[in-house]
Amino acid sequence: MIFDSSVVTAIFGQFAPLAPMIVLIIGALILPAVFFSTKRREAVTAVSMAVIAVSLLFNILMMVDGYQGEYAGLFSYDAFAGIMILLFQVVIFLAALVSVSSSETTRMHYGAYNSLLLAASVGMMFVATASDLITIFLGVELASIMSYVLVAMKRSDPRAAEAAVKYVIIGGLSTALTLYGLSMLYGVAGTTNIADIAASLSTQEFSWAFGIAMITMIAGYGFKVAAVPFHMWAPDVYEGAATPVSMFLGTGSKKVGFVALFKVFLVIFVAANATASFATEEIQYVFAVIAAITMTVGNVVAISQNNIKRMLAYSSIAQAGYILIVMAVMTEYALASGMFHMFTHVFMKGGAFLVVGALITVGIGEKISDYRGLAKRAPLIALAMAVFLFALAGIPPLAGFTSKVFLFSSAIYDNGVMTQWIWLAFIAILNSAISLYYYMRVVKAMFIDRGETSERIKIPRTFAAAVAICFVFVCVLGVFPQLIMDFCADAASVLFG
Amino acid sequence: MIPIEVYLIFAAVLFAIGAYGVVVKNNTIVVLMCIELMLNAANINFIVFSAFTADVLGQVFVIMSISVAAAEVAVGIAILLNAYKARKTIEADSLTSMRW
């Protein structure tokens, strides 16, 4: 058999469930040394690409072979962890690939920059494998603290300094809220293992302490996924940060909050559904209202933006609203399609941010008006950008359409029966129509408006490669969703046990 | 023996004071201090539950969260210093170059 995970267990022994992370941690520790000894950004990128490739190889071996294992009762590798680790590896691969030729990334501390990127993605993967509240908390914090530094590392721009201050304060507030919720949950259940918490809660009545835990945790993780009304930091941070970092935050860091939400809430509620005394439905309604407000506010405010990074940030808030439908519907199919949408979102939004980053590197500004006449100056890049924006709006046959169909249909039908969440699907479809307007503004500027010059521009090769990868996946996943959707379905059935 | 509610109310009051400070204070260093208060309220909760149920996991969690808080403050102060160099002020009301 080609995919045999016994290689991984032979190398890593009892640490095999953590193999993809261990490789990245080793990489993160040697990268500053590589930079100080060679002083070449290309050397650092080559090493980090190699490390990510090895980690990706191990993860694919383990995932396709159906490897399952656990370490110390704190981490467990299963189908859900595998597919989410794959998502974070794709994000880190794209971010590390383009950082080398971006004009916005640091020059003096490039080794440290790369090792922070790798460490942040290790934190995200820890959350994906966590089976205990301690490891979820530590993983989210590892990813967040590294992200604060990555945002502040763009020293040339005073907006980055301001964005980093906002990010660190809002992030700290979110940590405090989450930790308070976790402490209440620990008090109610008497343990920190998630499966044990679910078992313990299924024998209890609803208590006020549990209510406080739910409220503070929804608020805390709401900040992480930038759900309205906890979204105010996101546009500032995405605008202020270097574009590869914005791409990393918008596609990777946001998913960590979702993985933590899935792990904590879905597992608890699936157990709690067995006992009717729990207020599951009230909390589902809370999530449904947050989802509806998030997608509406994100899309409506995005209309009036002139800065393209800020517009993409608001569109990313709206996409978070779509994914929050999973938390309202709470069925296995909804979770699978939510995870599939997280994947397609990486390629669509990641691709759009990469195009913006490439154009900033060749000296085109961040305003939408700077994009006038781009189709004449760089036809392929303009075409790619148009495809990403169409996919985000949900135009068939692109990936965004397919994943939105899965996601919205999960809110309409559950096993052939119409659910109570059909109004949510209605609002989501309405929002997709609104979003088409502001995506089309960019496409119009690129293809119809006349630019001041028609001088051809040439973007750096690494950006072109990364954009090409995103482009291929946006097209392929739209037509062959089963490539990823099969794994997502396996993963969802693991969480729903 | 002091009942568990007394400790929990103490922690909740500490949490509320911290949250109030985050909302009203204009100096970002004081805001960071208020976030520390909120984190410590959660730590007290963990210790109390751990002591009353004779389960050590809560105390393990507190050690982890203290180290996370230390890392966060170290990064936070460095970022404030960076912002001060770029803007010559760290008042929260002055962070207005980006809005909406």
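This is a predicted model: local features need pLDDT of at least 70, side-chain atom pairs count only at pLDDT 80 or more; totals for chains, interfaces and linings use all residues.
Visitor: How does the radius of gyration of chain A stand against the globule rule?
Guide: The radius of gyration is 22 Å, close to the 23 Å given by the rule for 497 residues, so chain A is as compact as a globular protein of that length. Taken along the principal axes, its C-alpha atoms fill a box of roughly 70 × 55 × 50 Å.

Visitor: And what percentage of chain A is buried?
Guide: Of its 497 residues, 63% count as buried. As for contacts between residues at least 6 apart in sequence, 80% of those in chain A join residues at least 24 apart.

Visitor: Let us turn to chain B. Which elements does it have?
Guide: Chain B has 3 helices and 0 strands, in the order α-α-α from the N terminus on.

Visitor: What is the radius of gyration of chain B, and what would a compact globule have?
Guide: Chain B has 17 Å, whereas a compact globule of 100 residues would have a radius of gyration near 13 Å. The C-alpha trace spans about 50 × 25 × 25 Å along its principal axes. In chain B, 34% of the 100 residues count as buried. Of the contacts in chain B with a separation of 6 or more, 45% come from residues 24 or more positions apart.

Visitor: How many residues do the two chains bring into contact?
Guide: The contact involves 36 residues of chain B and 32 residues of chain A. On the chain B side, helix H1 (4-24), helix H2 (28-53) and helix H3 (57-87) each supply at least two residues. H3(B) provides the largest share, 17 residues.

Visitor: What does Val474(A) touch?
Guide: Leaving aside residues up to four places away in sequence, Val474(A) touches Phe347(A), Met348(A), Gly351(A), Val387(A), Phe388(A), Ala391(A), Leu398(A) and Ala399(A). Val474(A) is one of the buried residues of H19(A). Others among them are Phe463(A), Cys470(A), Phe471(A) and Leu477(A).

Visitor: What covers the buried residues of H19(A)?
Guide: The cover includes helix H4 (79-99), helix H14 (332-361), helix H16 (379-393), helix H17 (399-412) and helix H20 (482-495) of chain A.

Visitor: How far apart are the ends of helix H19 of chain A, and what span should its residues give?
Guide: The end C-alpha atoms of helix H19 (residues 461-479) are 27 Å apart. This agrees with expectation, because 19 residues at 1.5 Å a residue should span 27 Å.

Visitor: Val472(A) is in that helix too. Is it buried or exposed?
Guide: Val472(A) is exposed, because it has 11 other C-beta atoms within 10 Å, and a residue counts as exposed with 12 or fewer. The C-alpha atoms of Val472(A) and Met108(A) are separated by 34 Å; the two residues are 364 residues apart along the chain.

Visitor: A change of topic: the backbone. Where are there cis peptide bonds?
Guide: One runs from Val228(A) to Pro229(A), with omega near 5°. Pro229(A) is in the loop between helix H9 (208-225) and helix H10 (233-240) of chain A. Another cis bond joins Pro396(A) and Pro397(A), with omega about 5°, and Pro397(A) lies in the loop between H16 and H17 of chain A.

Visitor: What about phi at Lys39(A) and Ala72(A)?
Guide: Lys39(A) is not a glycine, yet it has a positive phi of about 60°. Ala72(A) likewise has a positive phi, near 60°. Most residues other than glycine have a negative phi, and most peptide bonds are trans.

Visitor: Where do these two lie, and how exposed are they?
Guide: Lys39(A) is in the loop between helix H2 (19-38) and helix H3 (41-65) of chain A, and counts as exposed with 11 C-beta neighbours inside 10 Å. Ala72(A) is in the loop between strand E1 (69-71) and strand E2 (75-77) of chain A. With 13 C-beta neighbours inside 10 Å, Ala72(A) counts as partly exposed.

Conventions:
Residues are numbered from 1 along each chain as its sequence is written. Chains are lettered from A and ligands numbered from 1 in the order in which they are written. Two residues are in contact if their C-beta atoms, placed from the backbone, lie within 7 Å. Helices (H or I, at least four residues) and strands (E, at least two) are DSSP runs, numbered from the N terminus. The expected span of a helix is 1.5 Å times one less than its number of residues. A residue is buried if 20 or more other C-beta atoms lie within 10 Å of its own, exposed if 12 or fewer, and partly exposed in between; C-beta atoms are placed from the backbone. The radius of gyration is taken over C-alpha atoms; the globule rule is 2.2 Å times the number of residues to the power 0.38.
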